[in-house]
Amino acid sequence: MRSAHRSPTVAGMGHHDHDHDHHHDDSSLADLLDLDAVVLHEYWTGALDWVRRAAGGDGQRIVDLGAGTGTGTLLLAHRFDHAEVIAVDASAEMLHRVRAKAQDQGLADRITTVHADLDERWPVPGPVDLTWASLSLHHLADPDRVLRDVHAATRPGGLIAVAEFPVQLRFLPDGAGAALESRLLERIGRYQAERLPELGSDWAARLTAAGFALLDERTFDIDLAPAPSEAADYAALWFGRMRDRLDDLDPADAAALAGLLDGDGPGTLHRRDDFRVRGTRTVTLARRP
Ligand SMILES: C[S@@+](CC[C@H](N)C(=O)[O-])C[C@H]1O[C@@H](n2cnc3c(N)ncnc32)[C@H](O)[C@@H]1O
């Protein structure tokens with residue numbers, strides 16, 4: 001996880017100490033992930049139903065790698081009736097949310113959380129039947145090493161499913177809004193290229209290199225129009241994170257972004273009914289021979 005760098009010029013806030021930023025960033029990401037589960041519910045259930053079918057009845061010991069707030073963990077526990085699901089994450093705050101949800105949904109006896117930095121060590125003893133890694137591998141310093149560790153921990157015949165997003169989500173309708181969004185996404189793409197060089201990698205090739213045999217890859221197209229009611233909060237978190245990260249925005253773009261996020265003008269995300277949620281997630285499925 002990286003700390004947020006809020007621009008004093010754009011957001012009117014000064015420098016934060018590292019710990020504060022780290023916490024702020026974790027909790028804003030956690031809120032975003034919780035909303036991701038609600039807004040992209042159809043994608044999540046479709047993807048995990050598909051993984052469930054591919055795994056058949058197998059699945060006693062399942063790992064959710066970089067589990068975040070546990071969207072995958074919980075959906076897996078519901079789909080694999082008797083499995084133990086182990087949520088691994090480097091963030092204590094994320095895992096706290098996983099445990100709270102497990103408790104609420106009566107799944108605390110089958111969901112375990114493991115607080116570990118995957119860049120330092122592989123934390124789950126085998127044999128593992130299924131690993132789900134959603135939007136987490138691109139955060140790792142050495143994902144190939146981690147994939148080899150997953151392979152070593154997976155029983156022969158066991159599966160791994162990697163979910164990633166080949167394109168950024170988009171919210172604003174065609175016209176000036178979409179042009180602004182394109183400029184912001186182009187800037188955020190450059191920001192991410194420096195900090196998350198593994199984003200957009202060829203995960204199928206890397207799974208093969210780690211010793212897995214590819215089974216299938218599915219693309220889930222997302223196009224929600226009208227957007228569900230939670231999408232305004234969700235979009236505001238995405239745009240807010242962009243504002244946190246992008247220094248030196250063009251003043252007109254900074255003002256337009258502020259208009260989306262702040263105040264109560266008609267252009268504020270929370271007052272608009274014309275935005276959609278568009279994007280793509282891919283899930284790559286592989287088996288340990
Ligand atoms: C974008 S979130 C995805 C969360 C969840 N899998 C989902 O799709 O909703 C990435 C997660 O990976 C975790 N993460 C990042 N680097 C990690 C590391 N080195 N070890 C363990 N977890 C890590 C973060 O804390 C975060 O919860």
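**View 1. Ile 160 sits in strand 5 of this predicted model.** Strand 5 spans residues 154–170. Is Ile 160 buried or exposed? Ile 160 counts as buried because its relative accessibility is 0%, and buried means under 20%. Beyond its neighbours within four places in sequence, Ile 160 is in contact with Thr 131, Leu 147, Val 150, Leu 207, Phe 212, Thr 284, Leu 285 and Ala 286. Take Val 150 from that list. Val 150 and Ile 160 are 10 residues apart along the chain, and their C-alpha atoms are separated by 8.2 Å.

**View 2. Residues 62–158 carry a UniProt annotation.** The unreviewed entry labels this stretch "domain: Methyltransferase". Over residues 62–158 the chain is 34% helix and 28% strand. The end C-alpha atoms of the stretch are 10 Å apart.

**View 3. The largest nonpolar core has 63 residues.** Those with the most contacts inside it are Leu 40, Tyr 43, Trp 132, Phe 239, Leu 269, Val 277 and Val 283.

**View 4. Val 283 touches residues from several parts of the chain.** Leaving out residues up to four places away in sequence, its partners include Tyr 43, Trp 50, Trp 132, Val 162, Asp 216 and Phe 220.

**View 5. The second largest pocket has a volume of about 230 Å³.** Which helix gives the largest share of its lining? Helix 4 does, with four residues. Helix 2, helix 3 and helix 4 each supply at least two. The lining includes Asp 34, His 41, Trp 44, Leu 74 and Lys 101. By type, the lining residues are five nonpolar, five polar and two charged.

Notes. Residues numbered from 1 in each chain as written. Predicted model: local features only at pLDDT ≥ 70, side-chain atom pairs only at ≥ 80, totals over all residues. Heavy atoms only, no water. Buried < 20%, exposed > 50% of the residue type's maximum accessible area, 1.4 Å probe, protein only. Contact = heavy atoms within 4.5 Å. UniProt positions renumbered as here; feature names shortened; annotations may be inferred. Core = buried A, V, L, I, M, F, W, Y, C linked by side-chain atoms within 4.5 Å. 1 Å grid on protein atoms, 1.4 Å probe; cavity = no way out; pocket = protein on both sides within 12 Å on 5 of 7 lines; lining within 4 Å. Points joined across faces, edges and corners; volume = space filled by probe spheres on them. Nonpolar A, V, L, I, M, F, W, Y, C, P; charged D, E, K, R; others polar.
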